[in-house]
Amino acid sequence: MEDFILFGQPKIGEDEINEVIDSLRKGWLGTGPKSKRFEQDFAKYKNSKFSLALNSCTAGLHLSCLSLELKPGDEVITTAMTFCATVNTIIHAGGRPVLVDIDPLTWNIDHNKLEKKITSKTKAIIPVHFAGRACDMDVIMSISEKYNLKVIEDCAHAIETIYKGKKAGAIGDMGVFSFYATKNLAVGEGGMIISDNESLISRLKISALHGMSKDAWSRFSDDGYKHYKVEMAGFKYNMPDIQASIGIHQLKKIDKFALKRERIWNLYMQEFKNLPISLPCKIESNTTHAFHLFNICLDQNKTHIKRDVFLNKMNYNKIGVGVHYESIPSHPYYKRKFNWDCKDYPNAFKFGNETVSIPISPKLTDNELDKIISVTKSILSGK
Ligand SMILES: *Cc1c(COP(=O)(O)O)cnc(C)c1O
């Protein structure tokens, strides 16, 4: 596997390693001072007032959806093109997910089709800034205000994303981030919720740690033993300091990584422009893209090679690739449970059948980039 170019490789440096060793030496492995510091640093980076570090983005989406206090039959709208966690957490919170198709060019939720999906049961919208491209938040926020809906931004791809001067995640009521191993800020497993609503974040913080009373968070201190009281049946979603140790240093480097991701993006756009494939559309003015995924689309009528054959050929050439994602309605569980038909979400379905994500990690060397480009070109030109 040595010369295999892994997909979505994190770039971990000595700072992260030393910080983890420091935690190990101090013997504080659980949630503590470093998680707190990472929370504060992240909130500052996002221009958000409050934040809560968690052990995954899925945990964050779950808690955010629970805060909607959904009743049976209540609906939450999201995109047909996202990771399954966005939809699963709506279900776990007792809601009914309602999907909107994507825009065929931006691959984000088609905001023009959003309003038609709103019913008297709709409680919230979860836009996903797909691949790191900002959704049109002006439109989404004005619809949410008109119908009195909450907005939870799924920012798993959107750490660096900015929309008209506003940081992604700090526009809706809550923003939820992922620090999974392949994400732009990687700690292994981790997540964060940000919000300007203090009482919301403090309630979620209690839910995230067994439902134990606030004091329990600082229970092990030197100013005397504190008993905890359980105030609700909570979850076990807190971020350990080992993870936060990595996060603190990854965050410091995020802007430097972003420059490298942008350089790779521009290189691919230039090198692939004459290939018979679809590339990401132009980045909207007045927005900053997070360059989390570089998706290409293989329309079989134009490329004469099936998407899955291309995936295998890339792997055979020792290049890791991904599929982000097959559309949500194409998974058997949702089909059975909600009677969804792929044909009702044609743009997401087509994209899901044609897309390939090629590596865009800041860890890639120039040699690796040359190889990715030449192998991609030679497969697609039939050589
Ligand atoms: C990765 C991802 C998640 C889940 O993140 P975890 O931290 O792995 O729980 C949710 N939504 C989207 C769009 C993602 O890409």
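## A tour of salt bridges, sheet and cysteines

A search of the whole structure, which is a predicted model, turns up 19 salt bridges. Side chains of opposite charge can pair when their charged atoms come close.

**Stop 1: a link across the chain.** Select glutamate 115 and lysine 146. They form a salt bridge, with the closest N and O atoms 2.6 Å apart. The pair ties together distant parts of the chain, 31 residues apart. Glutamate 115 sits in the loop between β3 (96–100) and β4 (122–126), while lysine 146 belongs to helix α5 (residues 137–147). Now colour by accessibility. Glutamate 115 is partly exposed, at 31% relative accessibility. Lysine 146 is exposed, at 60%.

**Stop 2: one helical turn.** Move to helix α12 (residues 346–354) and pick lysine 350 and glutamate 354. Their side chains meet in a salt bridge, 2.9 Å from N to O. Why are these two about one helical turn apart? Because they are 4 residues apart in that helix. Lysine 350 is partly exposed, with a relative accessible area of 42%. Glutamate 354 is buried, at 12% relative accessibility.

**Stop 3: a pair with a 3.9 Å gap.** Select lysine 302 and aspartate 299. Their side chains form a salt bridge at 3.9 Å, N to O. The cut-off is 4 Å, so the pair counts. Is aspartate 299 buried or exposed? Aspartate 299 is buried, at 12% relative accessibility. Lysine 302 is exposed, at 51%; the threshold for that class is over 50%.

**Stop 4: a network.** Show Glu19, Asp22, Lys26 and Lys34 together. Salt bridges link these residues in a network.

**Stop 5: the sheet.** Switch to cartoon view. Which order do the strands take in the open sheet of 7 strands? Read across: β1-β9-β8-β5-β4-β2-β3, with mixed pairing. At the edges stand β1 (50–54) and β3. Each has a single partner strand, so one side of each lacks a neighbour in the sheet. From one strand to the next, the twist averages 20 degrees.

Zoom in on β4 and strand β5 (residues 150–154). The two pair in the parallel sense over 2 bridges. Pick isoleucine 125, then find its bridge partner in β5, valine 151.

**Stop 6: helices across the sheet.** Helix α3 lies across β1, β4, β5, β8 (174–178) and β9 (191–195). Its direction is at about 160 degrees to β8. Helix α6 lies across β1, β8 and β9, and runs at about 20 degrees to β1.

**Stop 7: the cysteines.** A disulfide is a covalent bond between the sulfur atoms of two cysteines. How many disulfides does the structure hold? The count is 0. Select cysteine 84, which is in no disulfide. The nearest cysteine sulfur to it belongs to cysteine 57, 11 Å away. Cysteine 84 is partly exposed, with a relative accessible area of 27%.

Finish on cysteine 155. The nearest cysteine sulfur to cysteine 155 is that of cysteine 57, 8.3 Å away. Cysteine 155 is buried, at 0% relative accessibility.

How values were computed:
Residues are numbered from 1 along each chain as its sequence is written. This is a predicted model: local features need pLDDT of at least 70, side-chain atom pairs count only at pLDDT 80 or more; totals for chains, interfaces and linings use all residues. Side-chain values use heavy atoms; hydrogens and water are left out. Buried means under 20% relative accessible area, exposed over 50%, partly exposed in between (1.4 Å probe, protein chains only). Two strands pair if DSSP finds at least two bridges between them. Axes are lines fitted to C-alpha atoms, for helices over the stretch in contact, and angles run from 0 to 180 degrees between N-to-C directions. Contact means heavy atoms within 4.5 Å. A disulfide is a pair of cysteine sulfur atoms within 2.5 Å.
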